[in-house]
Amino acid sequence: MNILSFFAHPDDETMLAGGALALLAMLGHSVHYLVCTRGEGGEMGEPPVCVQGELGKYRTIETINAVKALGGKTVEFLDYIDPIVGPDNLLFTFSDDIENIETQLSKVVRKHHINSIISHGSNGEYGHPAHKTVFQSVKLYFEVNNNSDINWYTAQANYPNPIKPHLINKDDPASWILDIKPVIYMKINAAKAHVSQNALFVRRSQKELKRNVSLEEVIAEEEAYYWVRGSKDDLLSTFRESKNIRE
Ligand SMILES: [Zn+2]
């Protein structure tokens, strides 16, 4: 199977879906990565890895290393620039032109003979406008190609008592929950590869848990997915092989 991981920023692939993507690679599937921006507007890290103007270059390398850690086959970027985060943590999308994003997505899907797409969920997880843009562009892809037999699944689906409630898409009910413990070392190594974001990952969790945490502890041991269209079973049967599934 050829799977496309399609997310807005470097590190979304790892933090939102790294377990499933690593498991798919481990089971012999080809996982291709498409990232809309190079995360130019994010933080430089603690200590900073570079100056803001060079961040895109650094985060490109970090993403390539993360994809390697997840066992991915290829990684490509669309040339959108990630806007700098505004005051009071105000977040922006990289583009409102979903037609143009859809056109580029469609080329990548054809090039790699993609069978399944894994993307952001309908609420953009915690409401990030760029994540919602990606969701909308995949939705448009299936409106344009309504006869397509490609499957679409979204990450961070909703289920009772999730490990990270702030990342859940409240309108996407989980079709299954994946125990990612067998590949958690791959997800941890991928998270570590995003060097400029490591302090941010830890800070977010510390705020939530109100105690000091290590990067290893930040990585959730389960991931939930919503089957949006196509065959539910294509990906599910693969995960059943791994016996780490709750339906
Ligand atoms: Zn993101």
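# Helix packing and a zinc site

Modeller: Helix H2 (residues 55-69) and H6 pack with their axes 8 Å apart, at an angle of about 170°. Axes here are lines fitted to C-alpha atoms, for helices over the stretch in contact, with angles from 0 to 180 degrees between N-to-C directions. Helices (H or I, at least four residues) and strands (E, at least two) are DSSP runs, numbered from the N terminus.

Biologist: What kind of model is this, and how are residues numbered?

Modeller: The model is predicted: local features need pLDDT of at least 70, side-chain atom pairs count only at pLDDT 80 or more, and totals for chains, interfaces and linings use all residues. Residues are numbered from 1 along each chain as its sequence is written, and side-chain values use heavy atoms, with hydrogens and water left out.

Biologist: Back to H2 and H6, are they roughly parallel or antiparallel?

Modeller: Roughly antiparallel, therefore, given that angle. The cut-offs are under 35 degrees for roughly parallel, over 145 for roughly antiparallel, 65 to 115 for roughly perpendicular, and oblique for the rest.

Biologist: Which residues make the contact?

Modeller: Glu62, Asn65, Ala66 and Ala69 of H2 meet Met186, Asn189, Ala190 and Ala193 of H6, where contact means heavy atoms within 4.5 Å. By class there are five nonpolar, two polar and one charged. Ala, Val, Leu, Ile, Met, Phe, Trp, Tyr, Cys and Pro count as nonpolar, Asp, Glu, Lys and Arg as charged, and the others, Gly among them, as polar.

Biologist: And how do H1 and H6 cross?

Modeller: The axes of H1 (residues 12-26) and H6 (residues 184-193) come within 9 Å and cross at roughly 130°. That makes H1 oblique to H6. Residues in this contact include Gly18, Gly19 and Ala22 of H1, and Ala190 and Ala191 of H6.

Biologist: What about H1 with H9?

Modeller: H1 and H9 (residues 232-242) pack with axes 10 Å apart, at an angle of about 80°. They are therefore roughly perpendicular to each other. Ala20, Leu23 and Leu24 of H1 touch Leu235, Thr238, Phe239 and Ser242 of H9. That contact has five nonpolar, two polar and no charged residues.

Biologist: Switching to the metal, what coordinates the zinc ion?

Modeller: His9 (ND1), Asp12 (OD), Asp12 (OD) and His131 (NE2), at 2.0 to 2.4 Å. Donors are N, O and S atoms within 2.8 Å of the metal (3.2 Å for Na, K and Ca); water is not among the atoms, so sites may look incomplete.

Biologist: Why is the arrangement irregular?

Modeller: Because the four donor atoms subtend angles of 57 to 137°. Four donors count as tetrahedral if all angles lie between 85 and 135 degrees; four count as square planar and six as octahedral if opposite donors are over 155 degrees apart and all others between 65 and 115; anything else is irregular.

Biologist: Where is the cis peptide bond?

Modeller: From glutamate 46 to proline 47, with omega near -5°. Proline 47 is in the loop between strand E2 (30-37) and H2.
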